[in-house]
Amino acid sequence: MTQIAGKTALITGAASGIGLAMAHSLAARGARLIIADISAERLEEAGAELRQAGADVATVAFNVAEEAEWQKAEEAAASFGHVDILCSNAGVGGGSGALEEYDPDVWRWAYAVNAHAHLYACRSFLGAMKRRGEGHVVLTASMVGIVPPPVSVAYCSSKFATVGIAMSLRNELAGTGVGISMLCPGMSATRIVQTTKDLRPGEQEAGVAAKTADAMGGVLASGMDPRCIGDRVAEAISSDEFYIFTHEEWKRLVEPQVAEMLAAFGPSADPDYAGDDIDSLLAANNATAFGAGRTAS
Ligand SMILES: NC(=O)c1ccc[n+]([C@@H]2O[C@H](COP(=O)([O-])OP(=O)(O)OC[C@H]3O[C@@H](n4cnc5c(N)ncnc54)[C@H](O)[C@@H]3O)[C@@H](O)[C@H]2O)c1
């Protein structure tokens, strides 16, 4: 995707924060927008804000974690013709607290919103993109989906799932003409802590877990301006970049983690085994993920 002007972008979680920022950045470059969010009220406010800025925008309120509800997005998209840029961005914090005390309903909810929704998004729109041989998918992961701090196993691991989905899908999209980017922000000043409280199923967190969430709210308040992330996403779509790392300081966490993993490779557990066929796997990856395998065949 080199051209954003004139294209239709569908963005989930667009009533607030990074999604709304992406909407502004894409509209400023001439995209038409379908913005989606579970909060109908804030979505309408976001729509009005975007229209005031000159955007051509439709709104569709639905829950990305419920596959059946994606039909609403498909219907909204039909009136625009089709979706060229699919930004699966809606996400929730998932809560804090020790894993062994974690509420399974909250766990399932965090995974449904942060990971399973990418599947539903692709089931709704990716097939048509592939058939047209063009389009671009953006999946919002997080730096904590690569290097997890000791905050929330549910959040970090659901973001690891997004990283896995994006990296695997990148291989699958090679040669189709459809591009893909994986957004991994660090801290950004959005309302995600409040969103998480508002949408969390069951009881609110208490004790240490509640204090951790509040502390995270404080940290995020002084995080990066989401508008800079939105601009970076638009740039990455235009130049067809896979990795979108917005916070360069996180490299200092990635480096020791990768170094530790590499150092952990010892000799084969089976000295008599010839080894997996890494040359073929490397060739496959070079033809897809690491190469310029984007062109429709
Ligand atoms: N803020 C950060 O520091 C940060 C860092 C890394 C990654 N992220 C990711 O960025 C994405 C956007 O989050 P944000 O920080 O802008 O938060 P935000 O709360 O400001 O915006 C997220 C939006 O998603 C919507 N949403 C939540 N659950 C939904 C559902 N089931 N269906 C439809 N909409 C739903 C919310 O209503 C909200 O408007 C998330 O995936 C988040 O995990 C955020």
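1. Which residues of H4 and H5 meet? In H4 they are Val106, Trp107, Ala110, Tyr111, Asn114, Ala115 and His118. Their partners in H5 are Ala154, Tyr155, Ser158, Lys159, Ala161, Thr162 and Ile165. Contact requires C-beta atoms, placed from the backbone, within 7 Å. By class, this contact holds nine nonpolar, four polar and one charged residue. Ala, Val, Leu, Ile, Met, Phe, Trp, Tyr, Cys and Pro count as nonpolar; Asp, Glu, Lys and Arg as charged; the others, Gly among them, as polar.

2. This is a predicted model: local features need pLDDT of at least 70, side-chain atom pairs count only at pLDDT 80 or more, and totals for chains, interfaces and linings use all residues. Numbering starts from 1 along each chain as its sequence is written.

3. Helix H4 spans residues 104-132 and helix H5 residues 153-173. Their axes come within 9 Å and cross at roughly 20 degrees. H4 and H5 are therefore roughly parallel (under 35 degrees). The crossing of H4 and H5 is right-handed.

4. Now the other helix pair. The axes of H1 (residues 17-28) and H8 (residues 226-238) come within 7 Å, crossing at roughly 50 degrees. H1 and H8 are therefore oblique to each other. Their crossing is right-handed. H1 brings Gly17, Ile18, Ala21, Met22, His24, Ser25 and Leu26 to the contact. H8 brings Pro226, Arg227, Ile229, Gly230, Asp231, Val233 and Ala234. By class, there are eight nonpolar, four polar and two charged residues in the contact of H1 with H8.

5. Next, the ligand. There are 31 residues around the ligand, and Gly13, Gly17, Gly91, Thr190 and Thr195 come nearest. H1 and helix H6 (192-199) are the elements that give two or more residues to this shell. The shell has 13 nonpolar, 15 polar and three charged residues.

6. Last, confidence. pLDDT is the predictor's confidence in each residue, from 0 to 100. The protein averages 94, and 95% of the residues score at least 70. Over residues 292-297, pLDDT stays under 50. The model has 15 contacts beyond four places in sequence for residues 292-297. Where pLDDT is low, the predicted coordinates should not be read in detail.

Note on methods
Axes are lines fitted to C-alpha atoms, for helices over the stretch in contact, and angles run from 0 to 180 degrees between N-to-C directions. Helices (H or I, at least four residues) and strands (E, at least two) are DSSP runs, numbered from the N terminus. Angles under 35 degrees count as roughly parallel, over 145 as roughly antiparallel, 65 to 115 as roughly perpendicular and the rest as oblique. A crossing is left-handed if the near helix is turned anticlockwise from the far one by less than a right angle, and right-handed if clockwise. Two residues are in contact if their C-beta atoms, placed from the backbone, lie within 7 Å. A residue is near a molecule or strand if its C-beta atom, placed from the backbone, lies within 6 Å of it.
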